[in-house]
Structures are given as C-alpha cells and as structure tokens.
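This report describes selected features of a two-chain model. Please keep the sequence and the structure in view while reading.

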Amino acid sequence: MSRPHLRSIEELGGADGILELLDLTDHMVEVNARPMPKVPALRGRTVVSLFFEDSTRTRMSFETAAKRLSADTMNFSVSTSSVNKGESLRDTIETVEAMGVDAFVVRHKSSGVPWQISRWTQASVINAGDGWHQHPTQALLDCYTIRTALGRPSLDGLRIAIVGDIKHSRVARSDVEAFAALGASVVLVAPPTLLPPSIEGWPVEVRHELDGLIGELDVLYLLRMQRERMTEALVPSLREYTACFGLTPARAARLGKHALVMHPGPMNRGIEIAVDPSELPGSVITQQVANGVAVRMAVLFKLLGSGTGLGSDT
Amino acid sequence: MSSLVIKGGRVLDADGERVADVRVEGGVVTEVGAGLSGDRTLDASGCYVSPGFVDLHTHLREPGREEAETVETGSRAAAKGGFTAVVAMPNTEPPHDSLAVVEHVRRAGERAGLCEVAPSGCITMGRAGEQLAPMAELAAAGVRLFTDDGNGVQDPLVMRRAMEYARGLGVTLAQHCEVASLTKGAVMHEGSCCSRLGLPGWPALAEELMVFRDIELARLTGCRIHLLHLSTVRSVELVRAAKADGLPVTAEACPHHFTLTDELLASYDPVYKVNPPLRTAADVAALKAGLADGTIDAIATDHAPHPSEAKEQPLDQAPPGMLGLETALSLAIGELGLDLPRVVALLSWRPAAIAGLEARHGGPIAPGRPANLAVFDPDLTWTVVPAKLASKSRNTPYAGRSVRGKVRHTVYGGDVVVLDGEAQR
C-alpha cells in the first residue's frame with residue numbers, strides 16, 4: 001500500500017487537516033525548545049531529499065526537521081547525480097527507492113514532478129516546491145507564523161494581501177488555498193501581466209494597485225520579483241515595479257499598527273522591500289524561517305510516524 | 001491469378017451502402033455482387049467493407065528517430081487501424097526537404113508493404129521558415145502536400161511566397177497553425193486549468209491568428225491550403241466563414257481534440273501533452289459540430305510516437321504528441337454521434353482527395369478500382385492495451401479505455417495485410 005503524500009495544500013482536505021498540522025507544530029516548537037532538541041519518533045525511517053533545483057534553505061530546513069525526529073537522511077543533488085548522464089526521472093526514482101526510502105522530499109523547477117514521482121514509488125512524496133505550482137510546507141509555515149504572531153486560533157476574517165508575481169509563484173498558489181481555507185479574505189495585488197491567465201474559481205479578490213488597500217491589511221505578503229521578468233515584457237522596469245508595488249517607507253508608514261509583513265525569501269532588498277526589514281515592527285520574516293523547521297517536523301511526523309509520540313530519547 | 005472474396009459484409013462507399021460481396025484479383029476489385037466465390041474468402045459478416053482510410057497526418061519518425069517509430073512499425077499501426085495510405089509528416093532528421101529523404105521514406109513504405117506511405121514535403125528548408133524547399137522537384141516526384149508541420153511558417157512574407165509558388169505547381173500547403181512567440185515554453189491550453197496547475201499556457205489565439213492569416217493569404221494568392229489539427233472554437237468559425245466565401249481551404253481535426261480536454265493535465269502525465277494542446281469542452285463541441293457540418297473535412301490522427309523514457313520526463317521537458325492510428329476509427333464511431341457513412345467519409349474519401357491520393361484510395365468499391373479496403377465491425381467493443389499496439393511506442397492517452405468499433409481486416413493493393421485484427425506482415 002502506498003503511503004500518504006503532501007504534494008499540495010488541497011491534499012490536507014481543508015481547514016481541519018491544516019489546523020491539525022498547525023497544532024502538531026506547536027508540539028514541535030516545544031521539542032525544539034528542549035535542551036536536547038531531538039526525539040526518536042522517526043528512528044529507522046529514511047528521508048531522501050531530491051532537490052533538482054537549488055534551495056539551500058528549504059533543504060536545510062527539511063534535513064534539520066528529519067534529524068530532530070531521528071530519521072536517517074540522504075541527499076540527492078543533481079550536480080553530482082546521474083541525471084546529468086541521461087538517466088530519466090523515473091530511473092532515478094526507482095534506483096534511489098531500491099535503497100529503501102520512506103519519504104522523498106522533492107524540489108523541482110517543473111510543475112507536477114511530485115505527482116509523476118508518486119506514480120513510480122511506494123514512498124511518501126513531500127513537495128518542497130514544484131515549478132509555479134505548489135509549496136505546501138511554505139504555506140503551512142506561513143499560516144503558523146500568522147496565527148502565532150497574531151495570537152489567534154485560525155485566520156478567520158483576516159485581510160491578507162499577496163503582492164507581486166502571482167503568475168510564476170508556487171508560494172502564492174499554496175498560500176491562497178491555505179489562507180482561504182482558514183477563513184482569511186485574500187487579495188492578490190499585481191499588474192495583470194503578473195497574474196495567471198485565469199483566476200476562475202480562486203477564492204480571492206484581485207487589485208492592480210496597492211495604495212488603496214494597504215491601510216486595511218492584517219498581513220502584507222510580498223513575493224520575490226525575479227529580474228528575468230523584465231526581459232519577458234511583463235513589467236517595464238524594476239524601478240517602476242517598486243514604485244507601484246514595493247514596500248516603500250511611505251507605504252510602510254501607512255500599514256496598520258498590528259499588520260504583519262511577510263516574505264518567503266530570498267528577499268530582493270530595494271525592490272519588493274525598499275525599507276530595512278529589521279526596522280519594520282510588523283516584520284515576521286525571520287520567524288517564518290524559524291517556524292519552517294517545526295512545521296516540517298510536523299509534516300514528517302504526520303506522514304511517517306507510527307504513533308509512538310514525541311517523548312525524549314532515553 | 002488467385003482471387004479473394006470479401007464475403008457477407010455491407011459495402012459502404014461514397015455511392016452509398018448495400019449488402020454485397022467483393023471479389024479482388026490482381027490488386028483490383030473485379031466484381032461486387034451477391035453470392036460471389038473465390039480461391040480465398042475473407043469473412044465480413046457483421047462488418048462494413050469500405051474504402052481504406054487515409055491519414056493526412058502521421059509521424060513515422062524515420063529517418064532520425066527510429067527509437068520511437070519506423071516507417072515499417074508505423075505502417076503496421078496504420079494497417080491495423082484500417083488505413084491504406086498515410087501522409088508522412090516532414091519533421092524527421094533530416095527533414096523532408098530533399099528528394100533523397102522523400103524517396104527514402106517512400107521506398108521504406110514500399111518495402112514494408114502495409115499501406116501507401118505518401119511523404120509530405122517541407123515548405124521551407126530545414127523547416128526553419130526562411131528559404132523555400134525544392135517544391136517543384138518534390139512535386140515532380142509525386143509530393144502533393146507540403147508542410148513544415150511541427151512548426152508553423154512564421155513570416156507572413158515567406159508564407160505568401162510559398163503560396164504563390166505552390167499555386168503554380170498545383171500542390172497544397174498544409175499549415176501547422178501556431179504563432180510561436182505566443183507559445184514559448186507552453187505546456188497546455190491557456191485557461192483556468194493551466195492557471196491552477198502552474199503550467200505555462202498555449203493560448204487559443206496563437207492558433208487562430210495563423211488560421212486567419214493563412215485564410216487571408218489564400219484569398220490573396222488563390223493557393224489551396226489545408227489547416228492541420230484545428231483545436232479551437234474560433235478556428236472552426238474562421239474556416240466556416242472561409243468556406244462560405246468559396247476559398248480553397250480545407251481542415252482536419254484529430255480524435256484526441258474531439259474526445260479529451262485540458263482537465264486531464266491535472267494528473268501531470270505527459271501522455272496528455274500534445275501540440276496543439278487538449279482544450280476545453282466548448283472546443284470539443286465546436287470540433288464535433290465542424291466535423292458534422294462539413295466545415296472540417298477530415299479526421300487526421302497526428303500519430304506522434306515517443307518512447308517511454310521521453311514521456312517520463314517532467315511535463316515541461318517531455319515532447320508533445322500521442323499515438324492515434326489504431327484508435328481513430330473507434331473514437332470517430334463512438335464519440336462523434338455521426339452515422340457511419342459520414343464517419344467513413346471523414347476517414348477515407350475526403351482526406352484522400354486532400355492528399356491527392358483519390359486515384360488509389362477512397363474511391364467507390366467498383367470493378368476496376370484499386371483494392372485498398374477496410375473491413376470493420378462498428379459494434380465490437382475492445383479495450384485499448386498499449387502493449388498490444390503495433391506502434392513501436394506506447395504513448396496512447398486511451399490506455400485501459402473501452403471503445404467501440406474495430407478494424408477486422410485491411411486489404412492493401414489486393415493483399416490481406418490485416419486479418420482478424422492481426423497484421424500479416
């Protein structure tokens with residue numbers, strides 16, 4: 001029988017599934033605060049990181065999470081692998097699986113790869129970001145960060161704006177689903193060129209300018225603006241992008257007192273964030289990174305755990 | 001001279017339907033009537049006997065991509081699908097822009113002896129859209145359909161000159177309608193599905209702009225054009241209007257475009273990646289209506305084999321294309337809601353005329369006519385099993401699907417090349 005996967009937010013089955021993981025994350029935060037932050041919950045399990053695209057932070061976050069739960073970890077990176085020698089994706093998966101794998105943590109620049117991989121393996125597949133499509137653990141850590149920072153059980157009634165390159169963003173696609181599932185009112189803010197061709201069925205409102213909205217936000221979520229979008233005629237210049245959609249000092253001054261500022265990283269300082277984030281009282285950008293480890297521990301424990309609990313290694 | 005009698009079937013051709021036996025001798029039909037006998041009998045009870053089918057759009061992959069298909073394996077798939085002629089697309093390596101390649105493909109077809117392989121010719125050298133291919137030389141060698149399929153001819157001036165030149169030769173230009181700058185990196189239809197799935201979209205407009213441009217160029221030049229694998233509502237409307245204006249425009253649609261939609265890409269299975277892409281239910285309905293009212297002249301398969309390893313790549317890296325020869329008849333019977341005479345017209349005599357093959361294929365089943373025939377059971381239900389297909393590749397989107405209507409025998413040049421569903425060569 002094949003194991004459960006976490007490839008998209010949708011697979012968590014709505015608010016209950018998301019909240020269960022956020023509650024589990026609370027326990028992991030407690031584990032991480034122990035003098036010896038390691039539990040034997042996943043001893044004997046093997047987690048393989050399959051990163052076909054560079055991502056030092058997400059990979060380290062997953063590896064740290066797996067190690068704190070005492071799982072064995074293996075690393076597969078494209079630069080040192082036989083993928084460069086013409087091996088197909090399927091061959092790679094079947095070869096690695098033959099070594100005994102309980103979960104693959106997959107990052108790939110192509111949308112959908114975790115779904116393809118799950119057809120070729122019995123192991124759990126955890127999506128660590130696929131193309132423009134999904135990045136479910138990022139969305140979970142974002143939800144966790146918001147609810148912790150605002151001291152709320154869920155995101156009911158919060159006004160959240162996601163600003164920037166929605167079209168090419170897996171973070172946006174996962175966040176929209178997760179935020180909306182938890183009851184937030186989500187606004188996408190971008191020029192039409194940076195929105196998907198259709199948002200039919202998305203539980204969102206769309207705006208093409210930020211200034212009319214900024215004072216009413218509980219969360220301002222800024223996406224990374226990639227330089228290559230200029231050459232694709234999607235926006236005229238970074239300067240114009242910053243002027244219209246960047247968090248400038250003038251806009252920062254208009255944020256509500258309690259409003260949070262978030263970013264999935266890595267930040268383009270001076271572009272989407274044109275102020276020093278350390279001087280923004282509402283910035284929870286470093287908390288997002290810190291919470292990433294606990295959220296990923298919760299995900300690994302949920303998918304691979306055998307119900308032995310989170311007691312200390314004795 | 002030994003004789004073959006196809007016995008107990010209903011003969012169906014452009015002249016209508018009747019219960020009759022068909023005697024074949026020396027590669028031609030010698031008698032059509034009741035109670036015939038001969039040296040060998042082919043049982044056709046419960047079956048229709050029709051002119052063989054003609055596929056305007058087959059990728060045989062040889063030369064260059066023999067790991068996917070060869071002229072022989074593709075011909076075998078064609079014969080099993082009831083096709084007695086296929087137009088071989090030019091996007092081989094090297095492409096069909098020289099007499100040597102065209103003759104290689106034709107002769108490989110003759111060696112296989114399973115159906116007529118009619119090579120198309122390139123419109124431009126290397127299918128690069130710049131310099132015209134030697135169309136007169138290729139036309140003199142029998143090429144009737146010219147296309148850069150896989151690529152559309154992007155430059156309107158080059159296409160205009162190609163049309164003017166082709167008109168002088170009396171040949172047809174077939175366009176792969178895709179404005180390439182609008183489809184860079186595209187994986188699937190642009191719409192709500194691709195937006196949700198995070199995949200780059202292939203907008204309907206990229207096809208329709210070129211359909212419009214080429215219809216207007218045909219109006220200007222008087223060249224006969226054929227529009228390949230139409231896939232959108234507006235493309236069908238544009239062709240309908242062009243025909244109402246009396247322009248020399250024909251068009252084809254593929255079974256996958258009138259049976260499948262872009263929702264299937266939610267599986268991220270590259271078997272559903274094809275160019276042009278699977279589109280929406282509204283597009284499917286428009287194609288069916290176009291086939292029903294004659295706006296679209298022919299069903300063509302766009303049979304595009306790829307080896308498993310190519311289709312096991314990430315979706316954006318996997319090549320587009322799907323098999324089609326062995327399932328076309330079933331899908332046409334089962335999905336179009338048309339009566340059999342119209343289905344067979346779309347598969348046989350209409351495409352035969354577009355391909356310039358009407359002297360040998362698609363004609364009435366009558367004494368003196370070449371014996372290129374399909375014998376099919378329109379009610380037999382079967383399940384598509386990739387490993388049982390004759391193609392060298394397995395990339396059918398219909399794996400496991402139960403379909404209705406199956407070719408029982410195929411007669412090519414008077415020889416039984418498929419008997420009871422099994423290829424004889």
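Predicted model: local features only at pLDDT ≥ 70, side-chain atom pairs only at ≥ 80, totals over all residues.

## Two loop residues of chain A

H208(A) belongs to the loop between β7 and β8 of chain A. Apart from neighbours within four places in sequence, the contacts of H208(A) are P191(A) and P192(A). Although H208(A) and P191(A) are 17 residues apart in sequence, their C-alpha atoms are 5.1 Å apart in space.

V101(A) is also a loop residue, found between α3 and β3 (103-108) of chain A. Is V101(A) buried or exposed? V101(A) is buried, because 20 other C-beta atoms lie within 10 Å and the limit for a buried residue is 20 or more. With neighbours within four places in sequence left aside, V101(A) is in contact with T46(A), V48(A), V96(A) and A123(A). The C-alpha atoms of V101(A) and M74(A) are 9.2 Å apart, and the two residues are separated by 27 residues in sequence.

## A five-stranded sheet in chain A

Chain A contains an open sheet of five strands in the order β7-β6-β5-β8-β9, with parallel pairing. The edges are formed by β7 (204-207) and β9 (260-262) of chain A; each has a single partner strand, so one side of each lacks a neighbour in the sheet. On average, neighbouring strands of this sheet are turned by 20 degrees against each other, direction ignored.

One pair in this sheet may be followed in detail. Strand β8 (residues 219-222) of chain A is joined to β9(A) by three bridges, in the parallel sense. Within this pair, L220(A) is opposite V261(A) of β9(A).

## Strand pairing in chain B

Strands of a sheet pair through backbone hydrogen bonds, in either a parallel or an antiparallel manner. Strand β1 (residues 3-7) of chain B takes part in both kinds of pairing: antiparallel with β4 (residues 21-25) of chain B over four bridges, and parallel with β6 (residues 40-43) of chain B, also over four bridges. Which residue of β4(B) is the bridge partner of L4(B)? The partner is V24(B), while in β6(B) the residue opposite L4(B) is R40(B).

Chain B also has an open sheet of three strands, ordered β8-β9-β10 and paired in parallel. Its edge strands, β8 (53-58) and β10 (116-119) of chain B, each pair on one side only. From one strand to the next, the twist averages 20 degrees. Strand β9 (residues 83-88) of chain B pairs with β10(B) over four bridges in the parallel sense, and V86(B) is opposite V117(B). Helix α2 (residues 99-112) of chain B lies across β9 and β10 of chain B, at about 170 degrees to β10(B).

## Helix α7 of chain B

Helix α7 (residues 233-244) of chain B has 12 residues. From first C-alpha to last, α7(B) reaches 17 Å, close to the expected 16 Å at 1.5 Å a residue. After α7(B) comes G246(B), which has a positive phi near 80 degrees.

The buried residues in α7(B) are V233(B), S235(B), V236(B), L238(B), V239(B) and A242(B). Their cover includes α6 (204-221), β15 (225-227), β16 (249-253) and α9 (281-293) of chain B.

In soluble globular proteins, nonpolar side chains tend to be buried together. The largest nonpolar core of this model has 135 residues, and V49(B), F146(B) and A332(B) have the most contacts inside it. The element that gives the most to this core is α6(B), with six residues. Beyond four places in sequence, A332(B) touches P255(B), I299(B), V343(B), L346(B) and L347(B). Apart from this core lies another of 92 residues, including L42(A), I93(A), A172(A) and L260(A).

## Where the chains touch

How many residues of chain A are in contact with chain B? There are 21, and they are in contact with 18 residues of chain B. On the side of chain A that touches chain B, the elements giving two or more residues are α3 (89-97), α4 (113-118) and α6 (170-181) of chain A. Of these, α4(A) gives the most, with three residues. By class, this side of chain A has seven nonpolar, 10 polar and four charged residues.

Key
Residues numbered from 1 in each chain as written. Chains lettered and ligands numbered in written order. Expected span 1.5 Å × (residues − 1). Buried ≥ 20, exposed ≤ 12 C-beta atoms within 10 Å, placed from the backbone. Contact = placed C-beta atoms within 7 Å. Pairing = 2+ DSSP bridges. Axes fitted to C-alpha atoms, helices over the stretch in contact; angles between N-to-C directions. Core = buried A, V, L, I, M, F, W, Y, C linked by C-beta atoms within 7 Å. Nonpolar A, V, L, I, M, F, W, Y, C, P; charged D, E, K, R; others polar.
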